[in-house]
Amino acid sequence: VLHVIGQVVPGGSEKMTLRVADEFRIRGDDHRVLSIGEIDRGFVDSVDAAGVPIDQLGAEDRGPLATLRALRMLSDQVDRFGPDLIQGHAWRSSVAAGLVGRMKRVPALATLHRIYYERLERISDRALQHLWQSVIVDSGAVKDLLEERLGFSGGRVRVIPNFVSESLFGIEAEAPAQSPVRILMAAHVTEGKGQRF
């Protein structure tokens with residue numbers, strides 16, 4: 001599996017991508033990560049996914065010519081690696097994965113890591129959903145948004161919830177608190193993250 005992601009820097013979707021690739025690599029599958037832009041090697045080490053091969057296109061510019069060059073470089077990577085599946089992470093990477101997958105006759109998936117992408121409001125971009133075999137999201141709310149509001153084809157959007165390993169945090173069952181519950185959320189505070197919900 002070739003995972004295509006915009007950049008490998010500190011962030012939730014980047015960490016999830018590396019952990020999933022590493023877990024499947026440990027199980028015996030061949031997973032690689034291809035970063036369109038920057039790679040933060042310190043972050044990769046902190047995720048403990050040093051065994052995952054990570055390549056870089058170095059295509060951070062988003063102009064039309066740079067986009068065509070990036071697609072050509074991605075196509076070359078697909079020829080070299082010969083994946084059975086290309087998985088795009090976030091919008092831009094998923095579109096690139098879908099376009100190259102269609103050209104190379106390799107199935108592609110889109111993984112959308114947040115609740116809303118403004119580009120999906122554009123008819124031209126909504127049409128690109130047909131490049132993917134499936135679209136993976138992390139909640140029923142996002143699935144509903146894609147299917148009902150944005151017209152994604154029914155049955156192609158799959159929910160795979162984010163997870164937290166209880167053993168990682170040493171969580172133990174406790175009696176219900178007598179005082180109000182306090183919640184700390186460590187995340188980017190942006191509208192796209194949906195904290196208002």
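Predicted model: local features only at pLDDT ≥ 70, side-chain atom pairs only at ≥ 80, totals over all residues.
Good morning. I begin with alanine 187, which is located in the segment after helix H7, residues 166–169.

I turn now to helix H3, residues 64–81. H3 contains 18 residues, and the distance from its first C-alpha to its last is 26 Å, close to the 26 Å expected at 1.5 Å a residue. Which residues of H3 are buried? They are Ala66, Ala70, Leu71, Leu74, Ser75, Gln77, Val78 and Phe81. In general, an α-helix has 3.6 residues a turn, so residues three or four places apart point the same way. The cover over the buried residues of H3 includes strands S1 (2–5), S2 (32–35), S3 (54–56) and S4, together with helix H4. After H3 comes glycine 82, with a positive phi near 60 degrees.

Next, the packing of H3 against H4. Two packed helices are described by the angle between their axes and the distance between the axes. For H3 and H4 the angle is about 55 degrees and the axes are 10 Å apart. The two helices are therefore oblique to each other, and their crossing is right-handed. On the H3 side, the contact is made by Leu71, Leu74, Ser75, Val78 and Asp79. H4 contributes Ala96, Ala97, Leu99, Val100, Met103 and Lys104. By class, this contact has eight nonpolar residues, one polar residue and two charged residues. Of the H3 residues in the contact, Leu71, Leu74, Ser75 and Val78 are among the buried ones.

Finally, I consider the loops on either side of H4. Most residues other than glycine have a negative phi. Alanine 90, however, has a positive phi near 80 degrees. Alanine 90 sits in the loop between strand S4, residues 86–89, and helix H4, residues 91–104. Arginine 105, likewise not a glycine, has a positive phi of about 60 degrees; its place is the loop between H4 and strand S5, residues 108–111.

Where do these two residues stand in accessibility? Alanine 90 is at 26% relative accessibility, and therefore counts as partly exposed. Arginine 105 is at 79%, and so counts as exposed, the limit for that class being over 50%.

Technical notes:
Residues numbered from 1 in each chain as written. Heavy atoms only, no water. Helix = DSSP H or I, 4+ residues; strand = E, 2+ residues; numbered from the N terminus. Buried < 20%, exposed > 50% of the residue type's maximum accessible area, 1.4 Å probe, protein only. Axes fitted to C-alpha atoms, helices over the stretch in contact; angles between N-to-C directions. Parallel < 35°, antiparallel > 145°, perpendicular 65-115°, else oblique. Left-handed = near helix turned anticlockwise from the far one by under 90°. Contact = heavy atoms within 4.5 Å. Nonpolar A, V, L, I, M, F, W, Y, C, P; charged D, E, K, R; others polar. Expected span 1.5 Å × (residues − 1).
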